[in-house]
Every structure is written in structure tokens, then in C-alpha cells.
Amino acid sequence: MPLQGVCWFLCCRQGFSLLGRDYGEKEEEESFELRNKEDLTPNGRTPAEVTVSQPTRTANGTNGHTVSEAPDEMRSLIIEKSKMGLEEDPEVLVKGWLLLEVRGKWIKQRRYWFVLSQDSLDYYMGSEKGARRLGTLVLTNLCSVIWPDKQTYKETGYWSITVYGRAHCYRLFTKHFNEAVHWACAVQKIIDTKSPVETPTQLLIRDIEENKFNPEVVEHIYQHNPILKYTQGPLYAPLLPFPYGSLEHTYHSGKGYGSVREEAVKLFNCLQQLESAREPVPIIQGVLQTCLDLRPLRDEVYCQLVKQTSYTPSPYTAAHLRYWQLLTCMSCTFLPGPTVLKYLRFHLKRIQSQSPESEMDNYASFISEALEKTKFRESVPSWEEIQMLMSRQEMLCTVHYPGPGSCQLYISSHTTANELVRRMQEKLGLQDSKNTFALYKQNALWEQPVAGGALIADILTSLTAKEPESKAQWKLCFKLYCLLDADSISVDSIEYFFLFEQCHEMVVRGQLPACEEDLQALAALRLQCLVGDFSTHAPCPPLDELFPGDTLEARVLMSLAAAPGCPAAQRFHTGLLAGTLWSHAAAAAAHKQRVEQDLRLRSRLKEEAAAVMGAILERWKGLAGYSRRDSIAAYLTIARQWSGFGCTLYEVDFYISSTGSFSQKLWLGVAATSVSLYKQGESEALESFPYGQICSYGVSDSNTFKITAGDRDLLFETTKLTEIMQLMNAYFSAIHRQRGKGEDSDLAITDGTEVGFRRLGSAPPPALLELPSHPV
């Protein structure tokens, strides 16, 4: 044997036996070469290296100890290290009569004698000695068992257990539940005692890791193991071990997935289609979606891509670079496991050293950097992001801010909301602001703050997916988040304009309690700011952009209810008449009455809207000569008259009783110094709780928020649990920082909220307010 072969003999992994198992072989032909401890050498390995089911040839024509060349590299070659010795007469653990489901032209059940030993589950024609064995299912740690369930019993009258093996599965039936459980427990116990099964790919990855500083040995490993190299042929079994009949994917069964092993083989076929695909993006997106849904397949796809980018016949063609483009998208979406990550890093460095200043070198460098930054993605990259990644470029992201303005910034797949907020602050000159800012997902009817650690690429993908459903344009908006010091804002700054715009949003939503005259004055000042002096030819925005529509509608409903001649039935809920036996004529009359009421309501709303608009226009005429700056200052002066100015209001159901039996709809106002409760539409707070009095706060169940202030527990039911928790965390962090205990100069929205409570120090009033601890 040449010297090179001797090096390979000394350096490669020893002590494993290889199963030669082709799909379609009879299960009886499966065999595991189990070795006794006394057969091992002092270093724990057997004298033989990896053995194969068929003879192989090395490059120099001699027999070598390698995984066979293609097409044998595609076989299901499974290696097992067994802790247990093989006995000539295997001990029988369980035996008995069971019904076996036999599939032919019809599915039917036949009665056989089953014997469970330490290594297999066998069945025979009868229970007598010497009976003919009809089948064997070899048990490894990749086998799995489905336990009996009631649904099958109801359908068939039998309790069923299913045992999955490599090429077969036994579906067994019995009349007795205890017997079914006994068999399932016994089989599962045997499976649990089996040592982990490893594939040739895993063994070779380990050999490469052990010899990574010896280039000659590594090169020899690659040259004599086709399973590590590019192939144009199909893959018949995964490169990594997956349980037979795995049920881990069942919650995605609605998407049409098979078993994990089947999907692994299908993915390799998808990878090969990339070479000839006219448009690769759909294939790439499909592979990424499968990996997102079926987490175990991520390492498998990484191994397949490393294989297809190793020793490629035409490495610089566009078809081959498709593999690198998919590998780039994978590296920006998922991180592989530690072992595969080491293997991938080694592969990238090896490619860079072999092909410097090439496209492969550029992709390898980009992927190496991406692996340092990649976090868990909530969704697969969008079409646009995939196209940018294929060319190793950044995406252009449009960020709006209050008013008509917007900024365009370049982002990568790893840019977070906090990073984008800091860049927006720098671009708009807001780095020194005492207040804090955040990004919001927003459309005309709804908005939600984005968690600081959220990836912008994921947010943009989710907004793109929402647009067809809601038929509304979604956008990313940069806004004030925590108003910590409104007095320090310069009237000439863009921050002052942000404050004006966000204050007006609250007015239009009806969340700034004010009298009718103040609301009309605010609308007139808004017109003066937007349009300038009154003119009959000046464009005028609709009333719902100037005045709270809820206030207008409430006033009309009150006037209709108090109007003389209003039928008494209108003042009662229709549920009170639900049991009355109405005639057809009475039902028709009631429907006609409801239509008339609706028309009357619409007519009154139009009349009232015209009257309010007329009053606003009259006030607008009186503002002639006001500059834009004067209008904004006057607007905010009126708004500041409300004691809760600057707080964020959330609609909640407040539980008056601790048992949750009585509730009242209120506003929960979260501000810089306190949390307050308001009756909707009223300016004075019912109750206010300074942060110094709050002992703890958090989520008590799926839709209930709890605040403990002193000896009182306040319970609120709301759909805004996460937003309230995030905002209170942000205010507490700001107080913590301002009083000298903070280390970070930037305030960020927390990534989310866990079910639990943030607890504050309950000692006598401390000199410094403590930041809430982690949920307990």
C-alpha cells in the first residue's frame, strides 16, 4: 500500500461497521455487526476500518477503506455502534399472538406469533418451535413507535400500535388495551437502549474535523469518498440520520409534507433543479420554507450544499453558482448545528484558499460574515431579499415618519429595529433627544410598535404578506415612543413637528379628551398649519382627518335617543324581544323601521358634520396671519391642558372585583411618571399610580394584565398585553438610567414579554427606583 494510503489508514475513523442496505431489500437481509468489548483494541476501536457492503476501488486501484463511489454513495448506508454484545440465542423479551395489517389488493389483518428480542421484532407462522419466520424488523435508535389511541379503537374495535423500521412498518392490533400498551412500552424500551446511529457522512465529517490541519489527509478523504463530492445523480437516502416514520412534522401535514426522510431526499432533487431553472427564486424560497417548517432538515440541506459545492466539474458556471446563492440565502436565514457549522466554516476556508479572487471566494467570504450575525428568522426571505442576496447586495428600505416625509436606508438581512432607529435618529439629527423613538407597523386604521430585536427583513416580509389580506397599504413608520421630557423639545426641531403630528393622531382617534370648542379650535389650527390662510379655492381635507368621528357620532345618537316621538322599543336591546312570536308582517315592519332609523341616522350625521365643518371654517378664517410655527405652538398649548398629555392610552376592561365578576371599559394611560385610569372621554383621571408605588406588573394569563400597587391588585383585560408590557419596561428603564444606575445610553423596546411578572423592590421607599427583575 502506498504511503498515502497508510496515512489514511492511521488517521481515519475506525471501529464502525457499515450496513449495505438498498431500498427494496428484504428486512431479513439487514444486519448489524455487533462487536463485543473484548474484541476492541486498547484505544476502544476495532482493528478494522470502515467496511462496505460492496468492494470499492481507490484512486490507485487498490482496495481501500472508503465509502463506495457513485452510485453506491447514494445508498442508505447506516452505521451503528452498539454497546451490547450479540448472543447466539437472543433473549426473548415479549412474545404473543397479534394481528398484523397486511396490504395487498385489500387491506386485511392476519394473526401471527410475534417475538421481541433485544435486537429485533420477528413474526412467525405459529408459536411452536421451528415455526417458519416470516419477517424481521431490526430495531435501532432510529425506529419509532406510535402508541394506541382511542380513535383507531372506535373505528376498528382494536387497539393498535405501529412500529416503524427502515424499509417496513408493522401495524399491530389487539383486543386488549393493556396488551397493546405492554408491547409499545417493551419496543420503545429496546429502541431507547440502542446507541446512536451515524451515517457515513457524519463519520467523514468527524474525520475531516480531526485532520483539518493535515491538508494531505483531508484531500485523500475527499478523493476517495464520492459521498462528499458533487454528483449529478439522485440521492436515495439522507446524508444525516432521521427517525423512521418520524412524527415531528405532523403539525405541518396540512402543507403536504411527507416524513422528514422523504423530504430530505426531495430537497436534494430541488437543489439539482437549480442548475437548469430559468427562475431560481421560487425554488430557493421553497427550500427555505421547508427548512423553516421542518427544523431537522436545516443541517441536512447545509450538508447537501457543501457536497454540491465540492469538486464541481464546472465551478465557475452560472449553473454551479446557484448552489452558492442558495447557500448564501441559507446562511442569512438559519444557523446549522455546532458540528455542521464547523464543517461549513472549514469548507468555506478551503474554497477560499483553493479559488482566491473568484466568485466562489466572494460568496464564501459573504457567507462567513453572515454566519456571525444570523439570528432566528420568523419568515423566509421575500422575493426581493432573495434577489439581493443572490447578488450579495443590500435592500433599500423606506421608513416614513409623522407627516408626509420619509427616508430610504440600506438594510441587510441582519438589520434590527434598534439599529434602524439609531440610523434614523442620526439622519434626522435626533441623537441628543431626551425622548426615545421606535418603529411602528402602520396602516390607515392600525399601528403596532416593533420590538427592538426584530429583524427588519422579517417585518417587511410580513407587511408584504398582509397587504393582499387587508387591502390596505402597510408601511414602516419612525415615531416618538416614550415622551420623557416634552419641555426640552425645541420649537424649531423636527422632533417638535413629530410631537404635533402624533398629538393630532390622538385627537382624530378620540383619545385626547377636550370640550367641543377646543376640538374645533384644534381642527382650525390644523388647517392653518397645513394650508395657510383661509381661501375658498384652498384644498380642504375631509372632516374625519380634522375632528374625532366618534365624538360626532355619539352626539348624534344622544340627540336621536332624546328626541320626542322616538319609539320606546328603540331604547331596548333587541334581545328582549327575541322570544316574541312575530308575524311576517310584524317582522317586515320591524325591518323597515330599522332601515328608516339608519337613514335618519345617516342624514343627521351629514347635517351635524356640515355644521361642525362650518364652525371649524369660521375659526380658520380668524387665524389669518398665523405662521406654521405659530399654529403648531397654539395647537400643542391647547393639547397640553390635558393632565395626561404625552401618555399612551390603551382600551381595557377593568375588573372592579378581584374575582373578575364585574368590569368597566376604561382607558389605561401609560406615561413617563405614572400609570393612570381614565373614563373614556373624560379628562380627569379616576386614579393614578406613580411608578414608585408599583410593586410588580405583568401578564397573569392569555389576555389579562395585572398591576400590583401597594396592597391593591389591578386586573385589566386587553388585547394589547405585549405593547403595555413593552412600554412600561421602557419607561422603567429610562427612569433607571436617568437616576444613575443605567449602563446603556440607548433605550430600546424589549423583544417581547413572557408570562410572568416584573417585580420591584418592596422595601421602604428607596432612594433609587429599581428596574423590574426578570419574570418569575
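Select Thr290 in this predicted model; the residue belongs to helix α7, which spans residues 281–293. Thr290 has a relative accessible area of 9%, below the 20% limit, and therefore counts as buried. Display its surroundings next: beyond the residues up to four places away in sequence, Thr290 touches Tyr257, Glu263, Leu267 and Leu297.

**The whole chain**

Of its 776 residues, 47% count as buried. The accessible surface amounts to about 39200 Å², and carbon and sulfur atoms contribute 52% of that area. Among contacts with a separation of 6 or more, 65% link residues 24 or more positions apart.

**The seven-stranded sheet**

Select the strands β6-β5-β4-β3-β9-β8-β7, listed here in their order across an open, antiparallel sheet of seven strands. At the edges are β6 (133–138) and β7; each has a single partner strand, so one side of each lacks a neighbour in the sheet. From one strand to the next, the twist averages 35°.

Within this sheet, move to β4 (residues 107–117) and β5 (residues 120–124), which run antiparallel and are joined by four bridges. Highlight Phe114 to find its bridge partner in β5, Tyr123.

Continue to strand β8, residues 159–164. Five of its six residues are buried, so the strand is largely enclosed by the rest of the structure. Towards β7 (residues 144–146), β8 pairs in the antiparallel sense over three bridges. Towards β9 (residues 169–174), the pairing is again antiparallel, with six bridges. A hairpin of four connecting residues leads from β8 to β9.

**The five-stranded sheet**

Turn to the open sheet ordered β12-β11-β15-β13-β14, whose five strands show mixed pairing. The edge positions belong to β12 (406–411) and β14 (447–449); each has a single partner strand, so one side of each is left without a neighbour in the sheet. Direction ignored, neighbouring strands of this sheet are turned by 40° against each other on average.

Select β11 (residues 395–400) together with β12: the two run antiparallel and are joined by six bridges. In this pair, Leu396 stands opposite Tyr410 of β12.

**The nonpolar cores**

Finally, display side chains. The largest nonpolar core has 67 residues, of which Leu420, Leu439, Phe478 and Phe498 touch the most other members. Centre on Leu439: leaving aside neighbours within four places in sequence, its contacts include Val399, Ala417, Leu420, Val421, Ile456, Leu476 and Phe478. Gln448, Pro449, Val450 and Cys477 are also in contact with Leu439. Another core, of 62 residues, lies apart from the largest one; Leu288, Leu294, Ala364 and Leu389 are among its members.

Methods
Residues numbered from 1 in each chain as written. Predicted model: local features only at pLDDT ≥ 70, side-chain atom pairs only at ≥ 80, totals over all residues. Heavy atoms only, no water. Buried < 20%, exposed > 50% of the residue type's maximum accessible area, 1.4 Å probe, protein only. Pairing = 2+ DSSP bridges. Axes fitted to C-alpha atoms, helices over the stretch in contact; angles between N-to-C directions. Core = buried A, V, L, I, M, F, W, Y, C linked by side-chain atoms within 4.5 Å. Contact = heavy atoms within 4.5 Å. Areas by Shrake-Rupley, 256 points an atom, 1.4 Å probe, with all protein chains shown as cover.
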